[in-house]
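Here are a few notes for anyone opening this one for the first time.

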Amino acid sequence: MGVYITKVDGSRQLFDREKVVRTCLKMGVNRNIAYKIVDEVEQQLYDGITTNKIFNLTFRLLRNYKPTIKHFLDLRKSLSLMDSKPEFEKFVQIVLSYNGYSVSGNRLLIGKCVKHEVDGIAQKNGITYFVEAKHHQNYHSPTGLDESRIARAVLEDVTDGYELGKNKLRIDRAMIVTNTRFSEHAKIYGKCRNILQIGWSSPTKIALQNMIEEKKAHPLSCINGLKNNTRKRLVNSGVVLIKQLMDFDTSNLSKISGISISTLKKVIEKAKNYPF
C-alpha cells in the first residue's frame, strides 16, 4: 500500500518517488545519491504528510551530500520572492529571449479606444505577441480568468487601433507569463481565445519551469541570504540572472550598481556553486 500525501490545496495523492529523485537531480547530485535520499525520505513518511514537509525533508537531506545547497533556494520559491516590477518583468523578457523570442521591453500600444502599457513585445516564427507578466508572491495562488479576459480585450482594442492607423505594430496574439498555474477556467478561455498562457508547469513543452531550467536562466533570488537592496541594485544595473552576474567584470559592476567590490565578490562566490 502506498502512502498518501496532502497537497497545498488539501487534495491527496499517492507519494511519487520519482518527484523527489527529480528534485535531487536538479540540485546537482548524481542518481545514486538521489535514490539514497528518496529511500531516507520514504522511511519518514506517514499518511497525510504534506508536500511542504516532504520538500523541507528532502532539502535537509540534500545538504548532507552537497553542503553548498544551503546557499540556494528552491526555484519556485525564488520566483515568488521577486519584485513584480521591474524584476519579474525583466526576468520574463530575458527568459523569452533565451528561448528564441525576439523581445523588446515595456511598450505603449495605441488602441481604438485607449492606450495600453504592456510588459513587452515578443516575436517568434512570424507571430507578434504582446506580453503580460503576472507575478504572485503566493506561488500556490492560481492565475485566474480575469487576466485572460483583460488580455483578450487589449488585443481587440490594439487590433482595431492598428486597422485605423493609430498603431503601426500589428499584434497577432496575447501572451501571459506567470510564476503560478492557471486556473482551469483560465485555461479553457485562453485556448478558446488563442491566448498563449505560459505558467509554472504548462504548456508542457514551454512551461516557465522548463524554459528556465533548460537555459539555466535562474534568477538572483535563488541565492539564499542575498539582501533585497543588493538584488534591486543589480536588477537596476541589468543583472537579473545568476549566470549574468558571473559574466560581469566585478569592478565595472561595482561602479554601475554602487555595490562594494567586497560584497559582489561574496555574492559571486556563492553563485559559482549554484547547481545548474
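The points below go through some salt bridges of this predicted model.

1. Start with the overall tally: searching the whole structure turns up 13 salt bridges. As background, side chains of opposite charge can pair when their charged atoms come close.

2. Take a look at Glu 42 and Arg 17, whose side chains form a salt bridge with an N to O distance of 2.6 Å. This pair ties together distant parts of the chain, 25 residues apart: Glu 42 belongs to helix H2 (residues 31-43) and Arg 17 to helix H1 (residues 17-26). Both ends are partly exposed, Glu 42 at 32% relative accessibility and Arg 17 at 28%.

3. Asp 39 joins Arg 17 and Glu 42 in a network of salt bridges.

4. Next, Lys 85 and Asp 119 meet in a salt bridge at 3.8 Å, N to O. Here too the link is between distant parts of the chain: Lys 85 lies in helix H5 (residues 84-98), while Asp 119 sits 34 residues away in the loop between strand E5 (115-118) and strand E6 (120-124). Are the two ends buried or exposed? Lys 85 is exposed, at 60% relative accessibility, whereas Asp 119 is buried, at 7%.

5. Finally, there's a pair within one helix. Glu 184 and Lys 187 form a salt bridge, with their closest N and O atoms 3.6 Å apart. The two residues are 3 apart in helix H7 (residues 184-192), so about one helical turn separates them. Glu 184 is exposed, with a relative accessible area of 52%, and Lys 187 is partly exposed at 32%.

Terms used:
Residues numbered from 1 in each chain as written. Predicted model: local features only at pLDDT ≥ 70, side-chain atom pairs only at ≥ 80, totals over all residues. Heavy atoms only, no water. Salt bridge = Lys/Arg side-chain N within 4 Å of Asp/Glu carboxyl O. Helix = DSSP H or I, 4+ residues; strand = E, 2+ residues; numbered from the N terminus. Buried < 20%, exposed > 50% of the residue type's maximum accessible area, 1.4 Å probe, protein only.
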